[in-house]
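Please look over the sequence and the model shown here. Some questions and answers about them come after it.

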Amino acid sequence: MRIVTVNEFRVEVTLSPEELREFDITYEQLDYADADTRRVLWTLLAEVRRMNGVALDVSGKLLIEVTKETDGSCRVCFTSLPQKEGQIASVKQLVKTEAEPVVLECADLDDAVRAAQAGKTDAPGALYRLGSRYRLILSVPSDEWETAALRICEFGELPPDPLLCAAECAELWQCVIPEGAVELLRKLC
């Protein structure tokens, strides 16, 4: 379980496929109306409090965004909006999106570094290498795919079938940076 505290109102938790199995839940089953989903979500919030000392205020509005990542993991983002004066009922909303890979094939490492810098995203990413070519794979929500692709396309080629390219990388290419590639590549600038 990877926990990232963005600020006092937002926390992101990434669960691996194995951790999802341990919780006995799948992305497809996540539904706030379901008791098992609520059990998992409240357990995650308790873990955030225990491990990071962050206690989100859930008495007001709580937005829960769940993104299915291309590697089978799930990213759960909790955003707490403080209760306003006079507000009676608390509101909990769960929104689900699926991540889609943006694959950029670069001629060299320098192009991959420039793409990471220009991408202006904190999306999870990996870097692969085959010979002298590199592929930067970003995992972004489907509604952000076009924006992310447009920001990095000048630094390489966007293959026509990103899902196939991502699978090809996992099988045939050498994984240079398995996660956090964008953040690490930015440090090389």
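Residues are numbered from 1 along each chain as its sequence is written, and side-chain values use heavy atoms, with hydrogens and water left out. This is a predicted model, in which local features need pLDDT of at least 70, side-chain atom pairs count only at pLDDT 80 or more, and totals for chains, interfaces and linings use all residues.

Q: How many residues of strand β2 are buried?
A: Helices (H or I, at least four residues) and strands (E, at least two) are DSSP runs, numbered from the N terminus. Buried means under 20% relative accessible area, exposed over 50%, and partly exposed in between, with a 1.4 Å probe and protein chains only. Strand β2 covers residues 10–15 and is mostly covered, and the number of its six residues that are buried is five.

Q: Which residue of β4 stands opposite V13?
A: Strand β4 (residues 74–81) pairs with β2 in the antiparallel sense over six bridges. β4 is mostly covered, with seven of its eight residues buried. The residue opposite V13 is V76.

Q: What is the bridge partner of T67 in β4?
A: Strand β3 (residues 61–68) pairs with β4 in the antiparallel sense over eight bridges. Their hairpin has five residues between the strands, and G72 in the turn has a positive phi of about 95°. The partner of T67 is R75.

Q: Why does D122 count as exposed?
A: D122 is placed in the loop between α3 (109–119) and β6 (125–130). D122 counts as exposed because its relative accessibility is 73%.

Q: Which helix gives the most to the lining of the largest cavity?
A: A cavity is a set of points on a 1 Å grid over the protein atoms alone where a 1.4 Å probe fits but cannot get out, and lining residues have an atom within 4 Å of a point. The lining consists of L15, L20, I25, L30, V40, L41, L44 and V76. With three residues, the helix that gives the most is α2 (residues 35–52).

Q: How much space lies in the largest cavity?
A: A volume is the space filled by probe spheres set on the grid points, which are joined across faces, edges and corners. The whole structure holds one cavity of 30 Å³ or more. The space in the largest cavity is about 30 Å³.

Notes
Pairing = 2+ DSSP bridges. 1 Å grid on protein atoms, 1.4 Å probe; cavity = no way out; pocket = protein on both sides within 12 Å on 5 of 7 lines; lining within 4 Å.
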